[in-house]
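Look at the structure below before reading on. The notes then go through it topic by topic.

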Amino acid sequence: MTTAQTRTHGINIGALNRDEKPQQIENFETCIKIEDLDLFYSGKQALHKVNMEMPRKKVTAYIGPSGCGKSTLLRCINRMNDLVDGVSIRGRILLDNEDIFDKSVNVAALRRRVGMVFQKPNPFPKTIYENVAYGLRIQGVNDRHILDEVVEKSLRGAALWDEVKNRLNENALGMSGGQQQRLVIARAIAIEPEVILLDEPASALDPISTLKIEELINELKDQYTIVIVTHNMQQAARVSDYTAFMYMGELIEFGETSELFTNPAKKQTEDYITGRYG
Amino acid sequence: MDNNKIKQHISRQFNEEMEEIRNKVLAMGGLVEQQVDLATKAFMSYDMESAETVVQQDQLVNELEKDIDHECTEIMARRQPAAFDLRMLIATIKIITDLERIGDEAARIARMTMRLEGSDYYQDKYYEIEHLLELVKDMLNGALDAYARTDVDEVVEITGQDAKVDREYTSITRQLITQMMENPRNITRALDMLWTARALERIGDHSCNVCEHVIYMVKGKDVRHVSREELEQTVKTGR
């Protein structure tokens with residue numbers, strides 16, 4: 001055992017060395033990079049020159065008051081705003097160094113790489129099994145063995161398998177809200193995306209279901225880059241590694257969650273997270 | 001730094017709770033300041049009545065410590081405070097531990113005084129002890145003032161006084177040793193004197209701790225166990 005690994009009373013002495021940087025910073029590998037992003041809804045500017053980098057296989061949370069642009073920014077990442085009339089965008093978003101707004105990008109392919117889960121669970125009015133298998137079926141996969149395998153793996157990944165394994169052929173709309181939300185997450189991970197976008201995934205759920213979703217997010221970050229928008233600041237503090245505070249369409253502060261919630265750099269951030277008049 | 005920081009929450013109830021905690025800490029601080037002053041003077045002048053008051057006040061200080069601790073815990077559970085609010089509560093919990101120990105030191109001097117009842121009165125004038133008392137009272141007062149105003153501008157000066165306190169303590173020790181060697185009949189009184197000086201020196205240390213907690217509260221940087229230069233730098237530049 002080397003000195004750094006020596007443990008005393010369960011405490012890793014090596015990790016207490018002040019000169020060692022926290023692991024989070026060492027492992028910061030950019031997955032998504034946003035450059036000078038402006039967004040206008042019918043000429044009205046909703047995002048102002050947003051610049052930030054989101055790390056791979058970490059959880060990044062967006063917080064901010066209603067209308068600050070956090071959901072708008074999240075929706076840019078898989079080009080959901082393309083569907084909104086009158087939207088114009090300036091700037092770039094790079095996913096693995098490729099501009100997602102480039103003309104050569106196939107939007108359907110982009111959304112396979114960047115999955116999304118919304119505030120209200122939206123399962124299809126189909127069986128639990130078919131909900132999860134849906135993404136593969138539209139890709140033309142019909143092999144029962146493959147489908148069985150992916151459905152089980154995805155449901156396990158979404159911490160739902162044990163609850164539904166005996167009723168896979170029941171209608172998904174008969175599940176509870178929390179189960180439906182985890183089913184939607186299973187559906188998203190069935191097609192093995194790189195990034196999962198979560199837009200207020202737990203705001204319609206009770207505290208226990210919320211904790212299950214938070215636990216799930218913690219497990220999923222080993223494999224996926226996760227970006228979450230939440231109104232619940234304590235949730236952001238609990239689940240995320242990095243937090244971005246947005247206000248009136250601008251990114252005010254972005255940093256490690258532990259630092260941002262104990263000693264924020266900007267007064268606006270402090271006022272918001274401590275519930276003061278801004 | 002904004003002096004009214006704790007009054008700016010959207011929730012008025014939250015403002016009131018934080019304000020109440022601050023007021024109670026200051027009340028507790030005022031009480032221990034009084035204890036320190038009264039106990040030392042009681043010891044110097046064989047004033048049994050004052051010594052007894054100090055011992056009785058210690059109960060009150062202990063109750064306040066438990067009370068403030070409880071209120072801080074409750075706010076954390078109910079409001080999940082962040083940033084300055086969180087740091088203020090954490091700092092408060094630590095500050096009241098130091099204040100309670102200062103109270104204990106004062107009570108120790110007072111109890112020692114009470115044991116002197118009926119013994120011969122020594123006509124000794126130890127200006128050094130009085131000087132030491134003034135120094136640590138000054139430090140304690142400054143530390144509490146910094147907490148009340150959430151302002152660390154003068155904190156560096158206060159922590160700097162600790163060196164003076166240590167010098168004074170060393171010099172008192174030396175004098176007392178000389179006295180004991182000169183006349184063994186002085187030993188009992190000299191030892192009591194030494195314990196009193198020691199208690200005052202500890203009170204200076206606790207006041208320094210309070211200053212460090214106030215720096216954490218205001219600047220968000222932990223300055224315990226750092227060099228004096230680093231402490232000064234944090235006060236000057238930290239946010």
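Predicted model: local features only at pLDDT ≥ 70, side-chain atom pairs only at ≥ 80, totals over all residues.

Residues are numbered from 1 along each chain as its sequence is written, while chains are lettered from A and ligands numbered from 1 in the order in which they are written.

**Where chain A meets chain B**

- On one side 13 residues of chain A are in contact with 17 residues of chain B (contact means heavy atoms within 4.5 Å).
- The two chains bury about 1,400 Å² between them, and carbon and sulfur atoms give 44% of that area (buried area is the accessible area, with a 1.4 Å probe, that two parts lose on being put together, summed over both).
- In chain A, the residues that lose the most area to chain B are A:Asn263, A:Arg276 and A:Tyr277, together 40% of what that side buries.
- Between chain A and chain B the count is 1 salt bridge (a side-chain nitrogen of Lys or Arg within 4 Å of a carboxyl oxygen of Asp or Glu).
- A:Arg276 forms a salt bridge with B:Asp85, and their closest N and O atoms are 2.8 Å apart.
- Helices (DSSP runs of H or I, at least four residues) and strands (runs of E, at least two) are numbered from the N terminus.
- On the side of chain A that touches chain B, α10 (257–262) and α11 (267–273) each supply at least two residues, and α10(A) gives the most, with 3 residues.

**The second largest pocket**

- A pocket is, on a 1 Å grid over the protein atoms alone, an open set of points where a 1.4 Å probe fits, with protein on both sides within 12 Å along at least five of seven lines; lining residues have an atom within 4 Å of a point.
- The second largest pocket holds about 530 Å³ of space, the volume being the space filled by probe spheres set on the points, which are joined across faces, edges and corners.
- Its lining has 20 residues, and A:Arg111, A:Met116, A:Ile138, A:Arg187 and A:Ile191 lie nearest the centre.
- Elements of chain A that give two or more residues to this lining are α3 (107–113), β8 (114–117), α4 (128–138) and α7 (177–190).

**Salt bridges**

- Side chains of opposite charge can pair when their charged atoms come close.
- Over all chains, the whole structure has 39 salt bridges.
- A:Glu192 and A:Lys153 meet in a salt bridge through their side chains (3.1 Å, N to O).
- This pair links distant parts of the chain, 39 residues apart: A:Glu192 is in the loop between α7 and β9 (195–199) of chain A, and A:Lys153 is in helix α5 (residues 144–157) of chain A.

Note on methods: Heavy atoms only, no water.
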